Amino acid sequence: MIGLVVRRLVLMVVVLWAVSVLTFAIVNVLPGDVAVAILGETATPADVAAMRIRLGLNEPLIPRYFDWISRVLVGDFGTSLTYGQPVAPVLLARLSNSAILAGLALSAVVPLSIGLGVTAAVREKSAVDRLLSGVAVIGYALPEFVVGLTFILVFSIYLDLLPGSSLIEPGVNPLARPSALILPVAVLVMHQLAHLSQITRASTIKALTSNYVRTAVLKGLSPRLVVWKHAVPNALPPVVAEIGMNFGYVLGGLVVVETLFSYSGVGQLMVMSVESRDVPTIEATVLVVAAAYGFGNLLADIVALRLNPRLRDS
């Protein structure tokens, strides 16, 4: 277990380094001038030149990268060109908001997806299985913005039950407005539930046809005990791995949901940074999202090994 964690951490460092190189290269070769984007089209050439010197854009790309990454390693992500303050506190505040949204969504989707997936697998090819699978396919096929707009139209405009905006004042805990979190969490749950429930279903069906399950049945164990003690623990590792991937997605891939509901999270910050060519903030948010994917996968692997020790020898 310790060896696995060490290997994954080393691999994560390599991946994050590669992400840092690609991100820095991409944001610096995008068309347009960052100095002009900051000052506006009416800026004079002298003002643009002074801004380029201030941002270090007149320096060669490789020395600029090493200067930037050396500061990142000590926790200095630079100064946001949009907010005019260090990127780290701005990113930390947005990250905590996204973590709350991701935590609420995952705490709902994990038990629901496992329960529905196992139910469909146990009743394979029945009406219940077809209904759950059909709903899952529809839920996964619909884009998040379509589901979100539908929820806003129904629950905010027609029924007037929930706010259609999740706008939160800076420094305010999102949990202080729980009603504003219901719709964005519901959109995330619906999309992820459809995907995870089908993975659970397929994995459980495979486990139910295995030899150790047949042996448990021949021993005379009850169907409930066979399913939940023998089949489900062996069916969960691929589900847990997917949950780890979804943790990174939910935390960093909230661009559509956070933008749609005006929620102050990492996804919305990334969109605003790209629109304003806020290079330091773009680089910092991409690194944070990549790290979230890495730690999510590492945690999922550890949980999977705990559930199924036989994987340690593979």
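E258 is buried (under 20% relative accessible area, where over 50% is exposed and in between is partly exposed, with a 1.4 Å probe and protein chains only), yet E258 has no salt bridge, and the nearest side chain of opposite charge, R94, is 6.0 Å away. A salt bridge here is a side-chain nitrogen of Lys or Arg within 4 Å of a carboxyl oxygen of Asp or Glu; Lys and Arg count as positive and Asp and Glu as negative, while His and the chain ends are not counted.

This is a predicted model, in which local features need pLDDT of at least 70 and side-chain atom pairs count only at pLDDT 80 or more, while totals for chains, interfaces and linings use all residues. Residues are numbered from 1 along each chain as its sequence is written, and side-chain values use heavy atoms, with hydrogens and water left out.

E258 belongs to helix α11, residues 255-260; helices (H or I, at least four residues) and strands (E, at least two) are DSSP runs, numbered from the N terminus. The side chains of E258 and S98 are joined by a polar contact of 2.7 Å. Such a contact is a pair of N or O atoms within 3.5 Å; within protein, one must be able to donate a hydrogen and the other to accept it, and residues adjacent in sequence count only if both atoms are side-chain atoms.

The largest nonpolar core has 30 residues, and L101, L183, V185, V187, L188, L236 and F261 touch the most other members. A nonpolar core is a set of buried Ala, Val, Leu, Ile, Met, Phe, Trp, Tyr and Cys residues joined through side-chain atoms within 4.5 Å. Two or more residues come from each of α5, α7 (144-158), α8 (179-208) and α10 (223-252), with the largest share, 8 residues, from α8. Another core, of 16 residues, lies apart from this one and includes I69, V87, V90 and M270.

The whole structure holds 5 aromatic pairs. Rings of Phe, Tyr and Trp (its six-membered ring) pair if their centres lie within 6.5 Å; planes under 30 degrees apart count as stacked, over 60 as edge-to-face and the rest as tilted. F24 and Y65 have ring centres 5.5 Å apart and planes at 70°, so this pair is edge-to-face. Because F24 lies in helix α1 (residues 2-29) and Y65 in helix α4 (residues 61-72), the pair ties together parts that are 41 residues apart in sequence. F24 and Y65 are both buried.
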